[in-house]
Structure formats: structure tokens, C-alpha cells
There are 2 protein chains.
Amino acid sequence: MDNIKSINSNLELNPNLSTDCVIFGFDFEKLNVLLIDRGIGSESNNANRLALPGNLIYDNENLDMAASRVLNELTELKDIYLEQVGAFGDPDRISKESDQEWLKSIRAKPEARVITVAYYSLVKMDDYAPHASSFAKSADWYAVNDIHELAFDHFEILQAALKKLKEKIRIQPLGFNLLPEKFTLGQLHKLYEAILEKSLDKRNFRRKILKLDILTNLDEKQVGVPHKPSQFFMFNEVNYKKLSETGFDNFGF
Amino acid sequence: MDNIKSINSNLELNPNLSTDCVIFGFDFEKLNVLLIDRGIGSESNNANRLALPGNLIYDNENLDMAASRVLNELTELKDIYLEQVGAFGDPDRISKESDQEWLKSIRAKPEARVITVAYYSLVKMDDYAPHASSFAKSADWYAVNDIHELAFDHFEILQAALKKLKEKIRIQPLGFNLLPEKFTLGQLHKLYEAILEKSLDKRNFRRKILKLDILTNLDEKQVGVPHKPSQFFMFNEVNYKKLSETGFDNFGF
DNA sequence: TTTGCAAAGTGTTCTTTTTACACTAAGTTA
DNA sequence: TAACTTAGTGTAAAAAGAACACTTTGCAAA
């Protein structure tokens, strides 16, 4: 954090206001989330060593920018889909002993609550290979379904982010943010199943998504796969914008 | 505000964290929102004298409770539907001159930003006759559609709340919170039209809402109306809960 | 070289939901 | 008693959703 401060040496971090990012990635199998290992936590329990990446907010920084700064500092990614989940501010949200330690380390008034404004973001997993940073001793992708506990109230935040993502993807085709430029319908299909946590009929899924006319068939096939190769598609942004303007509001899965 | 503080004299208000409530009401014609007149604002412009009711948050108070405290102090209502809209914290959100004045009056560090966590709530208009309070020189209902400007970034917050309400009512039948115990289908119909800002076919609306089986026909008619009297209905909470559990997720307007 | 494997790709039928649409009924007021 | 106002009702056509099975293609293993 020190080096961050030096970049902005004339600015003050607000000791009672932070942002946390739920960064989702998709590995073609399941939904993952990027967590940092704080290196502290109870001995009996590794789970609460893990936390969402987050940081305090500068006094003159707007919330969206703070979130994208956190994301950028950790992953070096820019222009990432970001959406606010909400504010979390239970006075006792930092009640676990291991969390208190951390609180002291950032020199916040220990008696005052830290409010966090949570965001979720969708990134192409290929674009970021986790590595340590100024920010985190270590950062890694974890399967969302394997997570049952996190530091602070981060588990609760994760669940809230998942809920928002589920709701949102039914209305707006966000999936492309989680896939590489080129992807197959099978991959997109699996992504929707992973997010919605239910299986979707293959033929119905294909018919529906193709009917939206927001995919461009690249006339290019997979190579080297031990089965019938799939066509590659890419997201057609122009058609998507047309569609949004004429007011589609249901992706209806 | 002083008398609030005296009630909680051992507690500290956080000068940089507030909550604002978008309190919606329905007068059988249109959607209304409860605004307070701060009594200050530019002379040329009355609009930015008006603001959402809000207040600073106590250091040890959770966010939801702070919002319902604000609502309760203003209206004396309890157990009101409340939902978080999100956090608003542009450093320049208090940039208008008239707003700066207000800032000084609450003795916040003028250089620091005030983050606000916004909520929206749905109240039965009959249950609250606006009156002055410790809280506001005056409070009144205003038609949502007539509002084009508010103090601070409150107009933006209002728009965000409206958007959330629209999204939510498509998924969950919230309308009952805005109507008296007994209401007619015509009133409910108008309410949906007001919130969704579009007209809905009368027959289709009735069929759909009745099919949900969450309304109890009270076998009681309007009296004294200069037209065919309507049946009164009430919300059937038991059936609604059954419905929620078996997982309805679409009210589909 | 043949066989097996694994995922791709493809249509039809039935059911449910949505949409569009117009007249009669009941009470009040003039 | 005529005029006005909102309540209340059904049907048909179109669209969307759900359920369902076999062929194709490329690779790998026998």
C-alpha cells in the first residue's frame, strides 16, 4: 500500500471507507473468483485467510474509479466490466480476531466501522495470470463453489455479487466479458449453466442465443480437439447496441 | 439533529457517511416521493432546495438500521419495505454552492467527501401525513414525474431508485406496500402503470395477477362512487409465501 | 484400419404465455 | 331517464418455452 500512497502522495486515504472487488473469471468449466491470501488468519482455519481484493479509498476519489483502481493495481487490466453490488457496513463486520489484526495494520480507528462498497467485475481469465503484487502476498483463482468462508464479511459480499450477476445475465448478455474474443457455443453454454447454476437444454440455448443475432460466426474451427471441432464465434457489438436501443430487456434464461 | 444526538448521546455521528431515503408513495394516480425542503438554496431556483430525507450515520449503526431510523424519525412508521439502492460517493457530489452551506452546517470536514448509502422504501401514503419535524423544516409529497432537479446528487439517486423499483416489481409483487389494506384491481393496475411508465392491457393485467393467487377477494364493494363499484381485495401473505418458496421468479410485466 | 469416444450440430411437437381486442354491467349525477 | 364513468369479462392468433434423439466429425487407442 505504501507505494500506492507515494504515487498519490498529496492525497489522503479515508481510513473508514474501502472498496472490495468480486472478480469473476471462467475457465470453461466453472465460475472462479480471484482471492488474495492475506497471510494471516486462524491457524485452525485457512479459509479466513482468503479475502476479496480491496483497498481503502482516497478522499477525493469517486467510488467507481476506486474499484477500477483496485482491479487495475491487482491485475493490470483496464476497461473491465464493473458493477456496484452495494455498500456493506455492519459495525461488527470486522469482528473475527484475525480481521481485527488486519484492521490495526491499516491504522484505522479500531473503534470505528469500515464501510466497504463492493463491486463485481467480469474478466477474461486468460488476460490475467495471478501473481503477487504490492497489494497481496498472493492472489489466485478459486472455484466459486468451493468457497464456504472468507475473511470479514466477504463471503456475504460474494453471495450478493453472485445474486446480482445471475439477475443481470438474464437481462443483458454479459457472458462475453468472461470469454476470450473467439469462443464456441459450447463454451458460452457452459458459462450460462455455471452462472445460473442449472442445466440448460443445448438446442434451446443455441436457438435462443443465435436468434438475438449478436454473434458473428468466424468460419473457423477448433483444431486438435479429440472430437468434432466447433465453430468459433465472436461477440457482435454493433448488433448488440442496435438490440439494446430498440429495447430488448429479456434474455430470459 | 441536536435532539437526535441527545437520545444517543454516547454515540458518535460519522461526519462522512450518510444515508438518504427515497420514500415512494402512491396516491391512486401517480407515483410520489417524499422530499424535504431544506430552506436554503439558490434564490433563482427553488428546485434545489428540495432534497431526499437523509442523515448522518452513527459510528456503530448498521446501514439498514440507519435508513430505517431516518424513515422512522421522519414519518414515525415502522416495518417499512426498504431496499438498498447503492452507495453514492462522487467527491464532487456536494458541489453546488447551496449544498456547501449545508455541509458546513453539519460540521463535516469540508474537504472530505460525504458518502451516502441510498435506500428506497415503499409506504402507504395514507399512513403518513407530512409535517415538519426535528429533521426537516417541511416535508411533502411530490409527483415523481414533476421532479427535474434536487439538491446534491439526489436527482441521480432518485433515478437509480426508480430503476431498481421497476426491475424489482417485475420479479416480486411489491405493489401492496404502496396501497392500503383494501384496494381494488383498478388501483393496483394504475400503480403498475405508474411504476412501469407504460400502459398495461386491463384484461391481461387482471388475468395475470389473479392467476398468481395472492389476492383475497373481500366480497365487499366500493360505495358512493359515481360508477360501477369495484370489489375490494387484500394481499394474501400466506399464498404469497407459498409462491415464493416454490420459486416463482417472474411477475413478467 | 477399424472401433470407440466425445462433443458438435440439428428440427419438431406440444404446452404455455403473451398479445390484441370490444362490449355489457352497475352505480351516480344532472 | 339519459348520460357518464369505471368495473368486469373471453377468445383467438402468435410467440415463446420445454422436452426430446440421432447424425457428424475428428482424434485416440486397439
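**Terms and values**

Reply: One aromatic cluster is formed by Phe176(A), Phe183(A), Phe235(A) and Tyr240(A). The model is predicted: local features need pLDDT of at least 70 and side-chain atom pairs pLDDT 80 or more, whereas totals for chains, interfaces and linings use all residues. Residues are numbered from 1 along each chain as written, chains are lettered from A and ligands numbered from 1 in the order written, and side-chain values use heavy atoms, without hydrogens and water.

Me: Why is the pair of Phe26(A) and Phe28(A) called edge-to-face?

Reply: Rings of Phe, Tyr and Trp (its six-membered ring) pair if their centres lie within 6.5 Å; planes under 30 degrees apart are stacked, over 60 edge-to-face, and the rest tilted. The centres of Phe26(A) and Phe28(A) are 6.2 Å apart and the planes stand at 85 degrees, so the pair is edge-to-face. In chain B, Phe26(B) and Phe28(B) also have centres 6.2 Å apart and planes at 85 degrees, hence edge-to-face. Over all chains, the rule gives 16 aromatic pairs.

Me: What makes Phe26(A) count as buried, and what does Phe28(A) count as?

Reply: Buried means under 20% relative accessible area, exposed over 50%, and partly exposed in between (1.4 Å probe, protein chains only). Phe26(A) has 3% relative accessibility and therefore counts as buried, while Phe28(A), at 29%, counts as partly exposed. Phe28(B), at 31%, is partly exposed.

Me: How do you know that the charged end of Lys182(B) sits over the ring of Phe232(B)?

Reply: The rule asks for NZ of Lys or CZ of Arg within 6 Å of the ring centre and within 35 degrees of the ring normal. The charged end of Lys182(B) sits over the ring of Phe232(B), 5.0 Å from its centre. Lys182(A) lies over the face of Phe232(A), also 5.0 Å from the ring centre.

Me: Why is the relation of chain A to chain B that of a two-fold axis?

Reply: Copies are superposed by least squares on C-alpha atoms of residues with pLDDT of at least 70 in both. A rotation of 180 degrees with 0.0 Å of shift along its axis superposes chain A on chain B, with an RMSD of 0.0 Å. That is the relation of a two-fold axis. In chain A, the C-alpha nearest the axis belongs to Gly86(A), at 2.4 Å.
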